[in-house]
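The sequence and structure come first.

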Amino acid sequence: MKLMDDEVEKTSGLKGIDELFQSVRAFATSERFGELLRFTAHFKQYAPYNAMLIYIQRPGARYVLPPRWWGRYNRVVIHDRRPIVILQPFSPVTYVYDVEDTMVIPGRPDKFPPELAKPYDGDPERKVDESTFQDLIRHLKYWGVLYETMRTGEDFSGKLEVGRSDDPNLIFPAKGKCPERWRPVYTIRVCESSSHSVQFSAILHELGHLFCRHLRSCYDRDWQGGVRAISLAAQEFEAKTVSWLVCRRLGVDNPSYQYLAHYFRQNNEIPQEVSVDEILKATRLAEMVLEGVKVEDAWLYKKCAQFKKRVDEIKATNRKDAVS
């Protein structure tokens, strides 16, 4: 039910989402924005955008599914209950219903686990596991991002920069679908003395800057209108929120929890330039990097013409060799 890259890009036209948040200013308060973040983190089986749509339509929802899926729990939707509309890949929308909109099928046992409908209380303390960290590092190159560690002071967490000519090449698996080496489009550098959990959150933070369009595009194809002219404070808020959401949906610790909690205590409203639309799209893209996608669905292939050409040539050669 999560949106893929094409669906994420389509939502760039849904400016009504941000307009909705502008017209309903209650969502701009720190308290309500915090509620939205916690709600989106709880509904991790759905893409962040869909979680937001659920929240707007039914703030009290606890666990939602399409009607046919409720049958797994021996439940059916109660007649005349109002559906919740969400986006769906390969079709405009689909309809889901909250657990409160369902009833147990008479004569059958209720198989719905009550813990599914309980929001997560408190910030998670679990550290990211090694396999998840290595997955993120391994997948970055398909998005044109070089990952490096560097010796720095304790105050340095990470930095996103445009790739330079003297940067090391991205290295791809030998005899794979990609050229074995390629120049990086961007670099993310983190403190080498930090734990993998701290490095993990720092990488997600910098991906938040990238996907929220805080840095110019260095691909052949720009995306969604170029760099957004917003203040450094708003950029930092958006990037930390992306990192917070990705980690919270994974159930792992993140230093951004403290930043956002402090911000909400000190401020009644979120920064005016912050875009909920950009944050949720960026969160989904960061999740796609973490999860791993086909080469053809990652940005290096989709937005770099020369890389796409080389991959297509390799694919054609492989097909020719297979036939012969």
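The mean pLDDT (the predictor's confidence in each residue, from 0 to 100) of the protein is 85, and 87% of its residues reach 70 or more. This is a predicted model, in which local features need pLDDT of at least 70 and side-chain atom pairs count only at pLDDT 80 or more, while totals for chains, interfaces and linings use all residues. Residues are numbered from 1 along each chain as its sequence is written, and side-chain values use heavy atoms, with hydrogens and water left out.

Over residues 3–14 pLDDT stays under 50, and the model has 35 contacts (heavy atoms within 4.5 Å) for them beyond four places in sequence. Where pLDDT is low, the predicted coordinates should not be read in detail.

Rings of Phe, Tyr and Trp (its six-membered ring) pair if their centres lie within 6.5 Å; planes under 30 degrees apart count as stacked, over 60 as edge-to-face and the rest as tilted. The count comes to 20 aromatic pairs. Phe-39 and Phe-43 are stacked, because their ring centres are 4.5 Å apart and their planes at 25°. Phe-39 is buried (under 20% relative accessible area) at 8% relative accessibility, and Phe-43 is buried at 1%. Ring pairs also join Phe-33, Phe-237, Tyr-263 and Phe-264 in a cluster.

A charge sits over a ring if NZ of Lys or CZ of Arg is within 6 Å of the ring centre and within 35 degrees of the ring normal.

| Charged residue | Ring | Distance from ring centre |
|---|---|---|
| Arg-72 | Trp-69 | 4.8 Å |
| Lys-303 | Trp-299 | 5.0 Å |

Helices are DSSP runs (H or I, at least four residues), numbered from the N terminus. H8 is largely enclosed by the rest of the structure, because 15 of its 19 residues are buried. Just after H8, Gly-251 has a positive phi of about 80°.

Notes:
Buried means under 20% relative accessible area, exposed over 50%, partly exposed in between (1.4 Å probe, protein chains only). Helices (H or I, at least four residues) and strands (E, at least two) are DSSP runs, numbered from the N terminus.
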